[in-house]
Amino acid sequence: MEGRLIVVSNRMPLGGAGSGGLVVALHEALSAEGGVWIGSEEAEVADDEFHRHEEDVPYEKLTFTLDADDHAEYYLGYANSVLWPLCHRRSDLIDYEARFRAGYDRVNRRLAEMLTRILQPDDRLWVHDYHFFPLAAHLRALGVENRIGFFLHIPFPNGSDLLALPDRESFPGWISAYDVVGLQTQRDVATCLEMFRSDVDAEMMLDGAIKHDDRLVELRSFPIGIDVEVMRSAAGEGEGGADTRLKLDARERLLIGVDRLDYSKGLVKRLQAFGVYLDKRPPDAARATLLQIAPPTREDVRAYAEIRDELERLTGAINGRHSEIDWTPIRYIHRQVPREVLATLFRRASVGLVTPLADGMNLVAKEYVASQNPDDPGVLILSRFAGAAEQLDQALIVNPYDTDEMAQAIEQALKMPLEERKMRHESMLAEIEAHDIAWWSSQFLRALEGRDVRNRQRDA
Ligand code: ADQ
């Protein structure tokens with residue numbers, strides 16, 4: 001019989017099925033296949049036992065514990081102060097301490113040892129994201145032969161940035177310890193291939209796989225999607241949507257940005273571009289109001305506190321320059337917003353601004369498209385550095401470093417005729433419907449299956 005599916009992700013929803021596209025997709029895959037979901041949990045004292053959470057779901061939920069040192073070193077330290085900036089092309093923001101590396105190694109090693117105690121021969125492991133790059137390498141060292149897949153949600157690091165990684169020599173071996181490595185885009189696959197091409201220990205196989213350290217690893221892009229129907233109904237299709245409390249006067253047009261408050265999301269350049277647009281705006285143009293929703297994350301990491309200060313200063317400066325007694329051009333909200341409210345706001349916004357400087361995919365771009373009224377859709381302005389730009393080529397694609405170009409795109413979006421808006425929206429919606437979140441998880445699991453078949457053929 002087919003073994004269990006075991007999913008490992010740093011974060012796992014506790015207390016129910018959870019919400020949000022990724023969480024729901026993993027919940028569905030696990031419900032269909034039967035299996036185990038493993039995630040972290042903070043504890044006063046970390047131990048090396050899995051803790052079972054009894055919940056009404058058709059699979060097991062297990063946690064491994066992180067103590068305060070683990071949290072500071074593995075999570076805030078190596079994962080979010082070294083790997084996150086490195087993968088987002090901001091090596092200048094790397095904040096490295098030797099104890100971070102030790103903590104990352106300690107947590108991954110401990111988790112690998114714990115996994116060996118529960119793994120059965122036919123189980124398949126699906127590991128998520130940069131918190132666990134070396135997990136498979138530790139498992140292989142412990143003799144684990146199970147199929148192990150990895151999906152990286154953020155960009156694959158450039159070769160030149162990898163030079164800044166304390167573990168740069170081990171890194172290719174971390175990757176090749178997996179059977180299938182899923183990346184968001186073709187560009188990420190090309191970047192990863194480039195790393196192996198310049199590695200004397202790697203060999204390109206005829207079927208596209210990489211042979212490294214005597215292992216075969218398959219690299220493929222699996223662009224993550226969303227649950228289109230959930231977003232569409234949350235936007236209140238035909239029913240007016242949730243009560244957002246947002247009042248716009250007849251002369252106002254809404255632009256929306258929704259991002260975790262992160263330096264990779266390009267918020268400073270976005271606000272500056274909006275300022276440039278306001279500076280050049282003809283006097284008779286509609287009032288363009290930017291609603292920027294940016295809940296803080298990882299506030300214990302220094303770079304995050306800095307970006308928060310900068311955005312507050314910039315918002316104040318732009319509003320000071322352009323506000324009128326009855327109008328404030330930037331509304332800046334600093335907290336989580338319920339999904340139905342978010343979807344309804346997306347639907348009301350004439351323009352969705354998604355302008356990261358680097359982003360694995362960016363689900364907000366897809367959520368904005370899914371929430372639109374097809375008969376009167378808004379326009380998506382999308383950075384060419386978002387993974388989503390590979391699929392959503394009917395957005396207005398911009399360079400997020402070029403504030404003039406973004407200001408022009410805002411003007412173009414606000415003036416775009418209905419027919420053109422409909423044509424662009426229809427094409428983008430078809431793309432995100434064809435490659436939704438269910439497609440993503442089923443494609444990944446099929447690839448993991450296929451790799452196994454090929455590995456067995458090779459061994460035979
Ligand atoms: P993130 O960097 O978190 O994800 P993104 O893909 O945009 O970025 O996902 C954010 C999610 O949080 C979206 O579903 C959005 O609606 C929600 N969200 C953001 N602000 C919110 C708010 N104020 N209130 C409520 N919800 C809010 C990482 C990678 C991405 C990749 C995803 C999935 O960085 O590139 O697309 O994983 O693989």
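The side chain of arginine 347 has a polar atom 3.4 Å from the backbone oxygen of glutamine 372. Such a polar contact is a pair of N or O atoms within 3.5 Å; within protein, one must be able to donate a hydrogen and the other to accept it, and residues adjacent in sequence count only if both atoms are side-chain atoms. The model is predicted: local features need pLDDT of at least 70, side-chain atom pairs count only at pLDDT 80 or more, and totals for chains, interfaces and linings use all residues. Residues are numbered from 1 along each chain as its sequence is written, and side-chain values use heavy atoms, without hydrogens or water.

Arginine 347 sits in helix α11. Helices are DSSP runs (H or I, at least four residues), numbered from the N terminus. In sequence, arginine 347 and alanine 388 are 41 residues apart. Their C-alpha atoms are 19 Å apart in space.

The largest share, three residues, comes from α12. Domain 1 (5–225 + 438–459) and domain 2 (228–434) both contribute to the shell, so the ligand lies between them. These bounds come from an automatic or database domain assignment.

Around the ligand there are 21 residues. A residue counts as near if one of its heavy atoms lies within 4 Å. His153, Val337, Asp359, Leu363 and Glu367 come nearest.

For leucine 363, a polar backbone atom is 2.8 Å from a ligand oxygen. A backbone N or O atom of asparagine 362 lies 3.0 Å from a ligand oxygen.

Note on methods. Helix = DSSP H or I, 4+ residues; strand = E, 2+ residues; numbered from the N terminus.
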